[in-house]
Amino acid sequence: MKRPDGPVAVLGLGTMGTGLATRLLDQGIQVRVWNRTAERAGPLAKAGAFAAAHPADAVEGTSAAICTVADGEALKAVLRGPDGVLAGGPYPGSLVCASTVAPEEVVRLAGNARSVLDVGMLGNREHARTGELRLFVGGDERVFTAGRPLLELLGKDVVHLGELGSGMRMKLLLNLLMGIEVQALAEAVELAVAAGLDRKLVLSTIAGSGFASPVMAFKSKRLAAGRFDKPDFRLRLMAKDLMLVADQAAEAGLRLPLAAAAAETHVRATEQGFGDEDCVAVTHALTPKPGTHT
């Protein structure tokens with residue numbers, strides 16, 4: 001397998017960014033990292049990565065830079081801020097936007113940058129660490145071909161979808177399905193418990209049935225244990241993505257009732273203070289307050 005031509009920067013060390021950086025280090029790639037909260041870079045620095053003070057420092061001398069920050073505002077700061085990747089002029093390597101943002105945001109922030117890809121990542125932290133992600137990529141065919149060796153180190157499936165923004169469109173569709181499925185699971189379980197059925201028995205029945213998707217079977221374990229810490233995917237990020245879906249639907253003139261309902265419930269659960277828990281914590285927005293039936 002062909003390898004990247006030089007060091008790789010990873011900007012943003014949340015669950016997925018840390019997993020990607022770890023994967024690259026394990027493959028013998030020189031890695032330069034940056035995170036807004038500097039201490040998060042500590043374990044990677046101990047593992048051999050160079051921890052930079054600013055995004056511009058992180059990309060110095062690299063052949064590719066992977067951005068895995070939380071939202072559009074963070075991506076704007078990383079790319080266009082005073083110490084951003086593009087602050088001093090064009091970045092000569094491949095710029096990989098793996099942050100889930102509006103497709104138009106990628107195009108706008110990329111501006112006249114020469115080699116940009118947007119990548120929708122399907123998988124969790126373990127998939128990121130072991131190179132088992134599925135990657136959906138938007139961008140010019142020439143840029144995709146040049147960046148493919150890096151992407152194939154990170155994912156077991158690498159699919160080029162078309163123009164820049166296509167990777168984000170696919171990622172938002174996948175997160176829409178996940179948000180609806182997890183909410184459907186939570187609703188079924190809350191109704192079952194309200195009707196007097198055993199929560200764990202209901203969850204094991206759903207997980208073992210033909211009605212359960214793989215994500216339902218996976219999330220049913222969290223619901224059964226009541227454990228929402230150490231999130232695979234934070235609730236507030238799912239809420240953000242569902243709101244992006246709502247914006248995309250409105251722009252296309254589509255009415256998507258399930259998407260709208262899922263967005264509203266996830267936002268409500270986030271506003272209740274559960275945003276940094278796993279996305280299955282959406283169940284909190286369904287639970288009636290003590291002494292009420294609504």
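**Loop, sheet and helix packing**

Trainee: Where is K230 found?

Mentor: K230 lies in the loop between helix 10 (214-225) and helix 11 (235-252). Please keep in mind throughout that this is a predicted model.

Trainee: What is the phi of K230?

Mentor: The phi of K230 is positive, about 45°, although K230 is not a glycine. Most residues other than glycine have a negative phi.

Trainee: And is K230 buried or exposed?

Mentor: K230 is exposed, as its relative accessible area is 62%.

Trainee: Let us turn to the sheet. How many strands are there, and in what order?

Mentor: There are eight strands in an open sheet, and their order is 3-2-1-4-5-6-7-8. The pairing in this sheet is mixed.

Trainee: Which strands stand at the edges?

Mentor: Strand 3 (50-51) and strand 8 (155-162) do. Each has a single partner strand, so one side of each has no neighbour in the sheet.

Trainee: What about strand 1, how does it pair with strand 2?

Mentor: Strand 1 and strand 2 are paired in the parallel sense, over four bridges. As a reference point, A9 stands opposite R32 in strand 2.

Trainee: And which sense does the pairing of strand 1 and strand 4 have?

Mentor: Strand 1 (residues 8-11) pairs with strand 4 in the parallel sense, over four bridges. L11 has C67 in strand 4 as its bridge partner.

Trainee: Which residues are buried in strand 2?

Mentor: In strand 2 (residues 31-34), V31 and V33 are buried on one side, while R32 and W34 are buried on the other. Both faces of strand 2 are covered.

Trainee: Back to L95. Is L95 buried or exposed?

Mentor: L95 is buried, with a relative accessible area of 1%. L95 sits in strand 5.

Trainee: Which residues does L95 touch?

Mentor: Leaving aside residues up to four places away in sequence, L95 touches A65, C67, L79, V85, S115, V116 and L117. L117 is 22 residues from L95 along the chain, and their C-alpha atoms are separated by 6.3 Å.

Trainee: Now the helices. Which strands does helix 8 lie across?

Mentor: Helix 8 lies across strand 5, strand 6 (116-122), strand 7 (133-138) and strand 8. Helix 8 runs at about 15° to strand 6.

Trainee: At what angle do helix 5 and helix 8 cross?

Mentor: The axes of helix 5 (residues 103-110) and helix 8 (residues 166-194) cross at roughly 155° and come within 8 Å. The two helices are therefore roughly antiparallel to each other, and their crossing is right-handed.

Trainee: Which residues meet there?

Mentor: From helix 5, P103, E104 and V106 meet M168, R169 and L172 of helix 8. By class, this contact of helix 5 with helix 8 has four nonpolar, no polar and two charged residues.

Trainee: How do helix 8 and helix 11 pack?

Mentor: Their axes are 9 Å apart, at an angle of about 115°. Helix 8 passes helix 11 in a left-handed crossing. R169, L172, N175, L176, M178 and G179 of helix 8 meet M238, D241, L242, L244, V245 and Q248 of helix 11. That contact of helix 8 with helix 11 divides into seven nonpolar, three polar and two charged residues.

Trainee: Last one: at what angle do helix 11 and helix 12 pack?

Mentor: Helix 11 and helix 12 (residues 257-274) pack at about 145°, with their axes 8 Å apart. The crossing of helix 11 past helix 12 is left-handed. Among the residues making this contact are L235, M238 and L242 of helix 11 and A259, H266 and F274 of helix 12. By class, the contact of helix 11 with helix 12 has 12 nonpolar, two polar and one charged residues.

Definitions and conventions:
Residues are numbered from 1 along each chain as its sequence is written. This is a predicted model: local features need pLDDT of at least 70, side-chain atom pairs count only at pLDDT 80 or more; totals for chains, interfaces and linings use all residues. Side-chain values use heavy atoms; hydrogens and water are left out. Axes are lines fitted to C-alpha atoms, for helices over the stretch in contact, and angles run from 0 to 180 degrees between N-to-C directions. Angles under 35 degrees count as roughly parallel, over 145 as roughly antiparallel, 65 to 115 as roughly perpendicular and the rest as oblique. A crossing is left-handed if the near helix is turned anticlockwise from the far one by less than a right angle, and right-handed if clockwise. Contact means heavy atoms within 4.5 Å. Ala, Val, Leu, Ile, Met, Phe, Trp, Tyr, Cys and Pro count as nonpolar, Asp, Glu, Lys and Arg as charged, and the others, Gly among them, as polar. Two strands pair if DSSP finds at least two bridges between them. Buried means under 20% relative accessible area, exposed over 50%, partly exposed in between (1.4 Å probe, protein chains only).
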